[in-house]
Amino acid sequence: MSSPTPPPIPPRRKPDPIPPVRPVPEHRADARLLSTYEDVKQALQVPWMGVVTMAFAHYPAFWGALWSGVRPLAGTAPFVEACRALRAEAETAAATLGPAPL
């Protein structure tokens, strides 16, 4: 016996109004969050926090759950290699746009 066909998924729609993005910059982070930010930068081998990551930090429970799940993966060879590959792909695509030198 075959399983029933699931109902179709409705198309995604933008929220209206679109909620504001509220990043928590490093200079406004409390000691606990700043410690996490330092851990993120070390683990991801980056010099600063990205805006998307700082926006996640506006929601402490979500951010804590997200980072606790990502942190064990961040130091693995496959993760680091995937990050390198993504960066190379982004830089190659950006170069095709012919940006002016800084």
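The following legends describe close-up views of a predicted model.

In this predicted model, local features require a pLDDT of at least 70 and side-chain atom pairs count only at pLDDT 80 or more, whereas totals for chains, interfaces and linings use all residues. Residues are numbered from 1 along each chain as its sequence is written, and side-chain values use heavy atoms, with hydrogens and water left out.

View 1. Pro-17 belongs to the segment before α1 (31-44). Helices are DSSP runs of H or I with at least four residues, strands are runs of E with at least two, and both are numbered from the N terminus.

**View 2. Helix α1 and its buried face.** The 14 residues of α1 reach 20 Å from the first C-alpha to the last, close to the 20 Å expected at 1.5 Å a residue; the expected span is 1.5 Å times one less than the number of residues. Leu-33, Tyr-37, Val-40, Lys-41 and Ala-43 are buried in α1, where buried means under 20% relative accessible area, exposed over 50% and partly exposed in between (1.4 Å probe, protein chains only). Seen down the axis of α1, the buried residues fall within an arc of 165°, so they line one face of the helix. The arc is that of the directions from the helix axis to the C-beta atoms. Ala-31, Arg-32 and Gln-42, on the other side of α1, are exposed. The buried residues of α1 pack against α2 (51-56) and α3 (60-74).

**View 3. Gln-45 and Met-49 in the loop between α1 and α2.** Gln-45 follows α1 and has a positive phi, near 60°, in a residue other than glycine. With 55% relative accessibility, Gln-45 counts as exposed. Met-49, found in the loop between α1 and α2, counts as buried at 5% relative accessibility. Leaving aside neighbours within four places in sequence, Met-49 is in contact (heavy atoms within 4.5 Å) with Glu-26, Tyr-37, Val-40, Lys-41 and Met-54. Met-49 and Ala-90 are 41 residues apart in sequence, and their C-alpha atoms are 18 Å apart in space.

**View 4. Two aromatic pairs.** Rings of Phe, Tyr and Trp (its six-membered ring) pair if their centres lie within 6.5 Å; planes under 30 degrees apart count as stacked, over 60 as edge-to-face and the rest as tilted. By this rule there are two aromatic pairs. The ring centres of Phe-56 and Phe-62 are 5.3 Å apart and the planes are at 75°, so this pair is edge-to-face. Phe-56 is partly exposed, at 31% relative accessible area, and Phe-62 is partly exposed, at 44%. The rings of Trp-63 and Trp-67 have centres 6.2 Å apart and planes at 15°, so this pair is stacked. Trp-63 and Trp-67 are four residues apart in helix α3, a separation of about one helical turn, and both are buried.

View 5. On a 1 Å grid over the protein atoms alone, a pocket is an open set of points where a 1.4 Å probe fits, with protein on both sides within 12 Å along at least five of seven lines; lining residues have an atom within 4 Å of a point. Of the 18 lining residues, the closest to the centre are Leu-44, Gln-45, Val-46, Cys-83 and Arg-87. The elements giving two or more residues to the lining are α1 and α4 (77-95), and α4 gives the most, with seven residues.
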